[in-house]
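I went through a helix, its surroundings and the charged contacts.

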Amino acid sequence: MSKHTLVQPDPWSRLRAFTDARIALGRVGNSQTTDAVLAFGSAHAQARDAVHLPLEVDGVVAELESAGFTTLSVHSAAADRAQYLRRPDLGRRLDDASRAALAAARPAQPCDVVFVIADGLSALAAQSHGVPLVRAICERLPVDWSIGPVVIARQSRVALGDDIGGLLGARQIVMLIGERPGLSSPDSLGIYLTYAPRVGRSDAERNCISNVRPAGLAYDHAATKLVFLLRGALALGRSGVELKDDTPPVAYSAAQLTGRQRS
């Protein structure tokens with residue numbers, strides 16, 4: 001019997017041009033095709049690697065400083081990756097050396113926004129998208145806004161931004177952090193905005209923009225959404241569930257979707 005007879009293509013296969021989701025995989029008898037099984041194994045390995053890959057801090061610092069930003073590097077209370085993965089609570093607070101460094105670097109006047117590039121659960125995402133996203137955001141901020149030093153955080157959870165923002169006296173903190181890798185998105189970056197950051201803020205007091213990457217939400221669209229929220233938080237005096245994203249939905253053409261799926 002020929003391979004052509006055994007392999008049964010899925011009639012929805014043309015839809016795969018528009019998504020990375022595992023749809024329309026076809027079958028061989030009652031099983032998945034070999035290429036689908038191998039692709040799943042490869043994606044799973046990429047997701048695992050993204051969790052354990054270390055953030056190359058020196059490279060991020062060099063990129064930021066060449067773009068004209070000042071930087072600070074901090075570390076959470078999680079001593080290493082293994083402890084970070086076992087103890088999420090330690091990833092939410094700074095170690096003593098970082099707290100002292102931030103307290104010493106606190107500006108005389110509160111800055112309007114501080115950006116944090118954090119490894120989170122995908123250093124690959126922070127490494128790949130953090131700097132270009134910061135640049136895209138800053139291009140859209142009001143010219144009279146003050147921007148604090150960009151903080152690079154290792155072994156970081158989202159709530160570490162509360163500690164950082166409180167010590168630097170920031171009006172708003174923006175965490176650009178690697179999201180938990182999916183089986184089609186090992187490099188997905190999340191954006192978390194918190195107004196008046198301080199230790200003890202809850203997730204309900206934050207706004208999130210997710211899946212920022214070339215194959216997901218593009219930098220320019222994410223930056224536009226975030227600046228809208230930053231302006232809104234400043235006007236409202238708070239962020240979170242009471243701050244709504246009323247920006248128009250992003251619309252992609254079929255050609256754009258196909259290109260994003262291949263990228």
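I looked up the backbone just after helix α7 and found Gly 169 there with a positive phi of about 65°. Helices here are DSSP runs of H or I with at least four residues, strands are runs of E with at least two, and both are numbered from the N terminus. The model is predicted, so I note its limits: local features need pLDDT of at least 70, side-chain atom pairs count only at pLDDT 80 or more, and totals for chains, interfaces and linings use all residues. Residues are numbered from 1 along each chain as its sequence is written, and side-chain values use heavy atoms, with hydrogens and water left out.

Next I checked how far α7 is covered. The helix spans residues 160-168, and eight of its nine residues are buried. Buried means under 20% relative accessible area, exposed over 50%, and partly exposed in between, with a 1.4 Å probe and protein chains only. Among the buried residues are Leu 160, Ile 164, Leu 167 and Leu 168, and the two acidic residues Asp 162 and Asp 163 are also on the list.

I then turned to salt bridges, taken as a side-chain nitrogen of Lys or Arg within 4 Å of a carboxyl oxygen of Asp or Glu. By this rule I count 10 salt bridges.

Which residue does Asp 163 meet in a salt bridge? The partner is Arg 99, at 2.5 Å from N to O. Asp 163 lies in α7 and Arg 99 in helix α5 (residues 96-105), so the pair ties together parts that are 64 residues apart in sequence. Asp 163 is buried, with a relative accessible area of 4%, whereas Arg 99 is partly exposed at 34%.

For Asp 162 I found a salt bridge with Arg 206, the closest N and O atoms being 2.8 Å apart.

One more pair went into the notes: Arg 238 and Glu 242 meet in a salt bridge of 3.1 Å, N to O. Arg 238 is partly exposed, with a relative accessible area of 35%.

Last, I looked for a charge over a ring, which needs NZ of Lys or CZ of Arg within 6 Å of the ring centre and within 35 degrees of the ring normal. Arg 157 lies over the face of Tyr 84, at 4.2 Å from the ring centre.
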